[in-house]
Amino acid sequence: MAVKNRFAEMLPEITAWRRDFHENPELLFDVHRTAGIVEEKLREFGCDEVVPGIGRTGVVAVIKGNKTGSGKVIGLRADMDALPIFEATGAEHASKTPGKMHACGHDGHTAMLLGAAKYLAETRNFDGTVVVIFQPAEEGGGGGKVMCDDGLMDRWGIQEVYGMHNMPGIPLGQFAIREGAFFAATDQFKIHVEGLGGHAAKPHETVDTTVIAAHLVTALQTIASRNHDPVKNLVVSVTSFRTESEAFNVIPQHVELKGTVRTMDPETRAMAEVRIKALSAGIADAFGARAEVTYNRGYPVMVNSPEQTAFAAEVATKVSGACAEAPLIMGGEDFAFMLEERPGAYILVGNGDTAMVHHPQYDFDDNAIPAGCSWWAGIVENRMPA
C-alpha cells in the first residue's frame, strides 16, 4: 500500500491547515475556533452527517462507503487542544497567543484526520461506515470521557475505535505500537500539612511543617522502592512544595505538597493511594501535626485490544515498511476512556529527531502527514474492503 499518492498531492493543503491551527492554539474545551474550522471543512468534504457540540465542543462526522452491507462501523479519533506553554520555536507559524502552544502535536493530529476524511469522502472505497471524531480537552480535561458520556459510541454504533499520536525519537513517518497496557493511569494528590507556626529562632515552640513535609517527600519515594513489586511499573512524584511564608525567619503553619502517581494496573493504583494517605497521616502524627490528603483519580490505563493492535500494526507496516514494538509510556492519554467502551488500538507515528512533546521548542513535522493520513485511510480500506 505504502504512502498514498493522494496524500502527497494534498500535503501543501494539509500543512496549511496544520500551521493555521498551530498559530491559533486553544485550550481544553475552549476550542471553538478549531472546532468551527473542522466542522466547516467536513461539510465541504461532503460527509454524510456532521454534528458539532458532542462532548461540549467536539465534532463528529459520518462517511459512508460505496457499500454498507458489511454493517461495520469504525471510529477514528484526533484531539484538538493545545497546552498552556510559551512557545520558543521561532517558527513563522508560531503561536500568536502568548502562553498557549500546540506543544503536543494535536494540530498535526487534527490536520491528518481532516486529510483522511477528505480522501475517504472523495473515494468511499470501503464497505461500511466511518465515524471521524475530533475531541477537545485531552490535555487534562478528560474530553474523551465527556464525549463518551454524551453517547458517542452508542449514537453512531461504533464497533471499533482507533487513535494516533506523533512521537519524537521515532524515525519520521515510521510507526510503533504495543498490545495491552500502553499509557499509564494518571492520578493527582495534594497533601496539606498543618502544624504550629512561629519564629524560626524558637523552633522548640513550633511544630515545624517544613521539616514534616520534607520527611514526607522522602517517605513517599518508599512506596515505589519498598511497597511495590519491582517488576511492575509505578511512579510517585512530588512536583510542588509550597509554604504560606516567604520570610527567612518564619516557620510556617501550613505546607502544601502536590504530585502525581502513574500506574499500569488497578492493584498498584489502589495500593499507591492507600500508602500515600497512610504515610501522610502517620508522619504528621509522629511530629504532632495533621495532614489532609486529597487524591483524585485521572485517566485510566490505556489498553490496546489484541486483535485491533495486530491489525493496526499490519496497516502501519504496509504504509512504512515496518512497525516497531513501542515501550510502555508512563504519560497519560484519555483515549483510554474510548478504549474502555470499545475495542481498538492507539499507535505512534514518528516525528523524527525533534524536541520532545510538551517542550517549548517542539513542533510537529509536516513531513509526517502523508504517512499518518495513509494509516488512517488504510485502517478503513483494509478493515472494511469494498
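How many bridges join strand β6 (residues 175–177) to β15? Three bridges join the two strands, which run parallel. This is a predicted model, in which local features need pLDDT of at least 70, side-chain atom pairs count only at pLDDT 80 or more, and totals for chains, interfaces and linings use all residues. Residues are numbered from 1 along each chain as its sequence is written, and side-chain values use heavy atoms, with hydrogens and water left out.

**View 1. An open sheet of eight strands.** The strand order is β1-β2-β4-β3-β5-β16-β6-β15, with mixed pairing. Strands (E, at least two residues) and helices (H or I, at least four) are DSSP runs numbered from the N terminus; two strands pair if DSSP finds at least two bridges between them. Because β1 (49–54) and β15 (323–325) each have a single partner strand, they stand at the edges, and one side of each is left without a neighbour in the sheet.

View 2. I177 has E325 of β15 as its bridge partner.

**View 3. Helix α3 on the sheet.** Helix α3 (residues 106–123) lies across β2, β3, β4, β5 and β16 and runs at about 145° to β3. Axes are lines fitted to C-alpha atoms, for helices over the stretch in contact (heavy atoms within 4.5 Å), and angles run from 0 to 180 degrees between N-to-C directions.

**View 4. Helix α1 against α3.** Helix α1 (residues 5–23) packs on α3 at an angle of about 140°, with the axes 9 Å apart. Residues making the contact include W17 of α1 and Y119 of α3.
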